[in-house]
Amino acid sequence: MSVLVFLDQSEGIIKKSSLEAANYGAKVAEQLGVAAEGIVLGNVTDDLAALGKYGLKKVHTVKNDTLDHLDAQVFTNVLVQAIAASGATIVVFSNNMNGKAIAPRLSAKLKAGLVSGAIALPDTSNGFVVKKSVFSGKAFANIAVNTPVKIIALNPNSYNIVTADGTAEVAAFAATVDAPKITVTATNKIVGEVPLSEAELVISGGRGLKGPENWGLVTDLAKLLGAATACSRAVADVHWRPHHEHVGQTGLAIAPNLYFAIGISGAIQHLAGVNRSKVIVVINKDPEAPFFKAADYGIVGDAFEVMPKIIEAVRKLKGA
Ligand code: FAD
């Protein structure tokens with residue numbers, strides 16, 4: 001019996017959301033008195049032994065070029081083999097894009113109960129109960145998992161990493177890797193921007209900014225802070241900003257440490273994608289804007305007057 005954590009990598013580096021999953025998995029293992037192990041698929045340049053700091057005792061690697069790109073069916077079949085070989089009874093994912101693609105398939109294949117969007121450690125005092133967020137973060141549910149193999153997909157940024165000294169054993173796992181049904185012919189990467197899905201700081205603009213010519217108010221602050229930029233759907237729909245920046249129910253769901261919203265009303269569909277942010281700052285000229293109800297800090301004011309002052313103040317603070 002052990003805990004197995006799926007370690008998601010991008011260009012050979014383990015993603016931060018997977019480090020959270022690793023640390024969470026190690027804590028679950030500690031609760032149950034078992035060991036936590038990890039598995040990483042594809043070619044990795046990261047120092048995997050250093051994952052011991054996150055509590056993993058062992059990291060299994062499956063080096064194979066076809067695993068450098070996600071094919072959820074192929075990944076699932078490799079994980080099924082790893083789970084059988086390691087005897088893992090609890091499998092932990094990050095509930096990120098790849099976790100969302102693989103965990104449900106694995107759940108169906110193994111007839112294993114899945115809690116996606118977990119936000120807390122399991123309560124093992126009476127069975128195995130995991131708290132998750134539901135209705136786009138508006139409520140919580142406690143899910144009892146009764147199947148022999150249990151799968152947890154942890155919401156990114158919902159578990160604080162605590163590291164300690166430790167080195168993980170790194171061992172190659174000989175898995176049969178199916179031929180992928182998907183062929184990646186080209187990868188077009190957005191360069192020169194902080195990727196939104198992994199960003200810790202996000203500066204976002206809405207229709208209150210009146211037009212794309214005013215986006216300097218968003219991008220100048222983002223550059224100063226090393227933040228990613230985002231926008232409301234209304235903004236992406238009129239092509240003021242690209243659709244990959246659109247956050248919300250029908251866009252990307254993010255959970256940064258800071259979400260800074262400028263001229264966004266805070267419609268429920270927008271909040272659905274950002275309400276897991278640790279700190280929300282809202283600038284809106286309408287004191288009745290719904291976003292203020294979700295904000296930790298708010299400024300009632302005209303963005304065109306407030307933002308230049310904020311940018312200037314940050315510039316001075318940074319000595320830029
Ligand atoms: P507006 O609603 O026009 O709000 C602009 C805000 O700017 C107002 O609050 C105004 O007071 C403020 N403002 C105006 N001028 C200034 C100024 N000078 N200074 C400061 N503040 C100013 N939306 C999303 O964002 N993401 C989604 O994923 C999403 N999915 C949807 C799914 C469905 C099925 C539906 C029906 C809608 C969805 N929407 C989504 C749309 C959503 O309902 C809102 O229409 C949208 O979020 C509004 O965008 P906005 O706040 O930028 O614009």
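Val 44 counts as buried because its relative accessibility is 17%, where buried means under 20% relative accessible area, exposed over 50% and partly exposed in between, as found with a 1.4 Å probe on protein chains only. The structure is a predicted model, in which local features need pLDDT of at least 70 and side-chain atom pairs count only at pLDDT 80 or more, while totals for chains, interfaces and linings use all residues. Residues are numbered from 1 along each chain as its sequence is written, and side-chain values use heavy atoms, with hydrogens and water left out.

Val 44 is placed in the loop between β4 and β5 (58-62); helices (H or I, at least four residues) and strands (E, at least two) are DSSP runs, numbered from the N terminus. Although Val 44 and Ile 13 are 31 residues apart in sequence, their C-alpha atoms are 6.3 Å apart in space. When neighbours within four places in sequence are left aside, Val 44 is in contact (heavy atoms within 4.5 Å) with Gln 9 and Gly 12.

Lys 132 is found in strand β8 (residues 129-134). Lys 132 is buried yet has no salt bridge, and Glu 20, the nearest side chain of opposite charge, is 17 Å away; Lys and Arg count as positive and Asp and Glu as negative, with His and the chain ends not counted, and a salt bridge is a side-chain nitrogen of Lys or Arg within 4 Å of a carboxyl oxygen of Asp or Glu. The side chain of Lys 132 does, however, reach the backbone oxygen of Ser 116 at 3.1 Å.

The ligand is surrounded by 26 residues, of which the closest are Arg 207, Ser 232, Thr 250, Ser 265 and Asn 284, a residue being included if one of its heavy atoms lies within 4 Å. A polar side-chain atom of Gln 269 lies 2.8 Å from an oxygen atom of the ligand, whereas a polar side-chain atom of Asp 302 lies 3.0 Å from a nitrogen atom of the ligand.

Technical notes:
A polar contact is a pair of N or O atoms within 3.5 Å; within protein, one must be able to donate a hydrogen and the other to accept it, and residues adjacent in sequence count only if both atoms are side-chain atoms.
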